[in-house]
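I opened the file to look up how the chain is put together. These are my notes, in the order I made them.

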Amino acid sequence: MDATNDAAKADHGQVRNLIMTRVFDAPLALVWKAWSDPDYIKQWWGPKYFACPSADIDFREGGRSLLCMRAPTEFGGQDMYSTWTYTKIVPMERIEYIHNLADQDGNTVDPVQMGLPADFPQGQLQVITFKVVDDNKTELTVTEYGWLEGKMMDMSKMGMEQCLDKMGAIFANI
């Protein structure tokens, strides 16, 4: 067993998966598009008040997307980048990708070197599942694997919930 991981567990608690489920008043094809089309992703990626000025999406198994999340001016206005490397795509059912923080060129960056706590995961598996609830509603489940219980896990949950709120607002305006 990894002694570093044991020390992190002692400081931050046990490893958990974050699971967030929403039912959107939108057809499956539209909810799928929100995860695969850069014009949609730019509207919801990032928590409340954050913007996504660029989303270079290579939506295919083995593809790698680069997303920019911009903090509001009152939070420093800095750009933060993430990559999504797609490991499995089952159309209209499931998207699996590895999430990493990155620099503006898409090179993976160690979260600790960016000033984030040691409990921020690197190479994190994320799975998005889609399920038709009825003709015009879609259940979306986001699972983020391998979080150490602690502040960063709580912040990620809050951030993704705000992203999903923003996504819901897109569907409400269509």
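First, the terms for the sheet: two strands pair if DSSP finds at least two bridges between them. Helices (H or I, at least four residues) and strands (E, at least two) are DSSP runs, numbered from the N terminus.

I also noted the ground rules. This is a predicted model, in which local features need pLDDT of at least 70 and side-chain atom pairs count only at pLDDT 80 or more, while totals for chains, interfaces and linings use all residues. Residues are numbered from 1 along each chain as its sequence is written, and side-chain values use heavy atoms, with hydrogens and water left out.

Entry 1: I looked up the strand order and found an open sheet of seven strands, 1-7-6-5-4-3-2, with antiparallel pairing. Strand 1 (15–24) and strand 2 stand at the edges with a single partner strand each, so one side of each has no neighbour in the sheet. From one strand to the next the twist averages 25°.

**Entry 2: strand 7 and its partners.** Strand 6 (residues 124–134) and strand 7 (residues 137–148) run antiparallel and are joined by eight bridges. The two form a hairpin with two residues between them. Strand 1 pairs with strand 7 in the antiparallel sense over nine bridges. There, Val15 has Leu148 of strand 7 as its bridge partner.

**Entry 3: the helices on the sheet.** For this I needed contact (heavy atoms within 4.5 Å). Axes are lines fitted to C-alpha atoms, for helices over the stretch in contact, and angles run from 0 to 180 degrees between N-to-C directions. Helix 4 (residues 151–172) lies across strand 1 and strand 7, at about 15° to strand 1. Is helix 2 enclosed or open? Seven of the nine residues of helix 2 (residues 28–36) are buried, so helix 2 is largely enclosed by the rest of the structure. Buried means under 20% relative accessible area, exposed over 50%, and partly exposed in between (1.4 Å probe, protein chains only). Among the buried residues of helix 2 are Trp32 and Trp35.

**Entry 4: the core.** A nonpolar core is a set of buried Ala, Val, Leu, Ile, Met, Phe, Trp, Tyr and Cys residues joined through side-chain atoms within 4.5 Å. The largest one has 41 residues, and Trp35, Trp44, Trp45 and Leu140 have the most contacts inside it. Helix 4 gives the largest share of this core, eight residues.

**Entry 5: rings.** Rings of Phe, Tyr and Trp (its six-membered ring) pair if their centres lie within 6.5 Å; planes under 30 degrees apart count as stacked, over 60 as edge-to-face and the rest as tilted. I find 13 aromatic pairs by this rule. In one, the rings of Trp45 and Trp84 have centres 5.2 Å apart and planes at 85°, so the pair is edge-to-face. Both Trp45 and Trp84 are buried.

**Entry 6: Ser82.** Ser82 lies in strand 4 (residues 79–90). Ser82 is buried, at a relative accessible area of 6%. Which side chain joins that of Ser82 in a polar contact? The side chain of His99 does, at 3.1 Å. A polar contact is a pair of N or O atoms within 3.5 Å; within protein, one must be able to donate a hydrogen and the other to accept it, and residues adjacent in sequence count only if both atoms are side-chain atoms.
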